[in-house]
Amino acid sequence: MVPGEFPGTFLLNFIAICGILLSKKSFISARVQRVDSHAFPYGLSAPAEILTGGKDLELLEKLKDYGVDVEAAVARFVGKKDLYTKFLMKFLDDTNFNGLLESIENQKYPEAFEYAHSLKGVCGNLNLSPLTEQVTELTEILRNKESLSGEEQQRIQDIMPVMAKSYEDIIRILEENK
């Protein structure tokens, strides 16, 4: 206290400072988000894997119903559903399936093998099991082939409609849940 100052001034200043601090604390508290019992202060967003929900969860459920091993796929993506769904959406831009169809149609089997092998890797990494099984079989038929026997051509003709249906179903599920 300064000499000659009114004795209550110190107390008023003290209360004013406490009020400011309390209001700042309230301000900070107001800026804290609560998501699934995790607090994220100062207006920072919760990590995406905590916020993953809504369409992402619908997408994962639809894929699971279709036969995709979603749990194993998410585990492959270190438990991050948002990262898995991000890569699933990138599958929509993948050109390997169309390249495979064109190469088979033009009987460019070494090129078809490259497309099939790439598609097998993408489907395997995303655990798109229904499609992976068919692409794996097709890849093995095409491996190291410049030409195909009649039996191999027939097997490809048997696989392609089933594989195309699986591919189209997965694409449809992904597009419905963009």
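**An aromatic cluster and the core**

Phenylalanine 87 counts as partly exposed, because its relative accessibility comes to 37%. Please keep in mind, throughout, that this is a predicted model. Phenylalanine 77, by contrast, has a relative accessibility of 12%, and therefore counts as buried; tyrosine 84 is buried as well.

How many aromatic pairs are there by this rule? The count comes to 4, and one of them joins phenylalanine 77 to tyrosine 84 in a tilted arrangement, with 5.4 Å centre to centre and 55° between the planes. Phenylalanine 77 also forms a tilted pair with phenylalanine 87, where the centres are 5.6 Å apart and the planes make an angle of 40°. This second pair links distant parts of the chain, since phenylalanine 77 sits in the loop between α4 and α5 while phenylalanine 87 belongs to helix α5, 10 residues apart. Taken together, ring pairs link Phe77, Tyr84 and Phe87 into a cluster.

Let me turn to the core. The largest nonpolar core has 39 residues, and those touching the most other members are Tyr84, Leu88, Phe91, Leu100, Leu128, Leu142 and Met163. Several helices give two or more residues to this core, among them α5 (81-90), α6 (96-105) and α8 (129-142), but the largest share, 10 residues, comes from α9.

Which residues does methionine 163 contact, leaving aside its neighbours within four places in sequence? Methionine 163 is in contact with Phe97, Leu100, Leu131, Gln134, Val135 and Leu138.

Terms used:
Residues numbered from 1 in each chain as written. Predicted model: local features only at pLDDT ≥ 70, side-chain atom pairs only at ≥ 80, totals over all residues. Heavy atoms only, no water. Core = buried A, V, L, I, M, F, W, Y, C linked by side-chain atoms within 4.5 Å. Buried < 20%, exposed > 50% of the residue type's maximum accessible area, 1.4 Å probe, protein only. Helix = DSSP H or I, 4+ residues; strand = E, 2+ residues; numbered from the N terminus. Contact = heavy atoms within 4.5 Å. Phe/Tyr/Trp six-rings, centres within 6.5 Å; stacked < 30°, edge-to-face > 60°.
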